[in-house]
Amino acid sequence: AHPTRRRRRMLSSLRHRIALASSSRPLLARRPRPYRSIVVHHPAMAKADEAMTPGETAVADVSKDGAFVRKDAIFRNRITPDGPYTPESGRYHLYVSYACPWACRTLSLLHLKGLTQHVTVSSVHPTWQRTRPDDPDDKHAGWCFAGEDGTFVSGPSGAGSFPGGPSHACSPDPLFGSTFIRDVYDRAMGGAAVGTRFTVPILWDKKTNTIVSNESSEIIRDLNSQFNAIAANKELDLYPEALRPAIDEVNEWVYHGINNGVYKCGFATSQGAYDAAVTELFSCLDRCEDILGKQRYIAGDVLTEADVRLFPTLVRFDEVYVVYFKTNKKFIHQYPNLWNYVKDVYQTPGMRHSVNMWHIKTHYFSSHPVLNANAIVPIGPDLNLDEPHDRDRFGAAK
């Protein structure tokens, strides 16, 4: 044999004998190791993991099978002419977030009915904060006030830096100088119980110094009907008697399938829960598309409360939910009727005041570290809500 080939065989044989000698059993007898994950215990990782824990917030409201289950509002008082909370100019204050679709319903009503001179408003910063930062055992994160320009807020885990102040539509608490919305609940409840969800909107009564309601569906009903004596647009009725059965029916399936449906997709912690929620969501969107191919608005030929409730979810859908809540089967702008409907409602006088896309995107992408650890806000799709729509084909808006 050629000397070079002979040396190669010798080297190969030597490597083989070394390998055998280093093993406790023959190579052919080895069994493949089962896969196992490697957990590195490091203080920095432990701190980050703790920051990712949702704490006592809606993100944690998940059932044993991984489905999101929203808690009911706890303040359910109503404005009435003969009850303890009567309709009066200047008596009530609304705490809202421009990011929150539930709170934005109430903003829409204020502007549609012409009540902005009679009900004062505060807007929180869109990014959630640790509300008891000095208590290591209290992991709650929620809405904060950042009412001065030059203020910057980071998310619950310390990621990101987002400006506040009036130049970014963030207000202080003018009533009590509160730092967090949680403080407002503590004031009303004499110290809120563990498990309380510190949500917006809050309708606050300045006369009795307490929360009247934190249920948006009931606040908008009262703003629609109970303040007509002082409303600039008292003729507008968003819950007309003739359409109430249709409105109530639409509200029911839109709430479960769309308004709350996107949260059931985004906060699900199991594939099965997500699959069920996303299937229901797109079935309801298809239903909307079909209805809006036959009439201008979702409950008839006039703008109603049902549109005010549906719109906030739709206007957030392409900008946030498609990415953040994994509702990426289809964009709203890919539905011809729904997309033109969104533009139509947005362009209705009074409605655009409830839409602040900077607040919307900043909140979702910076407030839940468990869903977006680095608080990076996507750039797009930046849709034009002022472009022409085709809804006039059903006749002029009434």
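A charge is said to sit over a ring if NZ of Lys or CZ of Arg is within 6 Å of the ring centre and within 35 degrees of the ring normal. By that criterion, the charged end of Arg-70 sits over the ring of Tyr-263, 4.8 Å from its centre, and Arg-187 lies over the face of Phe-176, at 4.0 Å from the ring centre. This is a predicted model, in which local features need pLDDT of at least 70 and side-chain atom pairs count only at pLDDT 80 or more, while totals for chains, interfaces and linings use all residues. Residues are numbered from 1 along each chain as its sequence is written, and side-chain values use heavy atoms, with hydrogens and water left out.

**Aromatic pairs**
- A search of the whole structure finds 21 aromatic pairs, where rings of Phe, Tyr and Trp (its six-membered ring) pair if their centres lie within 6.5 Å, and planes under 30 degrees apart count as stacked, over 60 as edge-to-face and the rest as tilted.
- One of them joins Tyr-185 and Phe-198 edge-to-face, at 5.5 Å centre to centre with 65° between the planes.
- Phe-325 and Tyr-364 also form an edge-to-face pair, with 5.8 Å centre to centre and 90° between the planes.

**Burial**
- Tyr-185 is buried, with a relative accessible area of 0% (buried means under 20% relative accessible area, exposed over 50%, partly exposed in between, with a 1.4 Å probe and protein chains only), and Phe-198 is buried at 10%.
- Phe-325 is buried at 0%, and Tyr-364 is buried at 1%.

**Aromatic cluster**
- One aromatic cluster includes Phe-68, Trp-102, Tyr-263, Phe-325 and Tyr-364 among its members.
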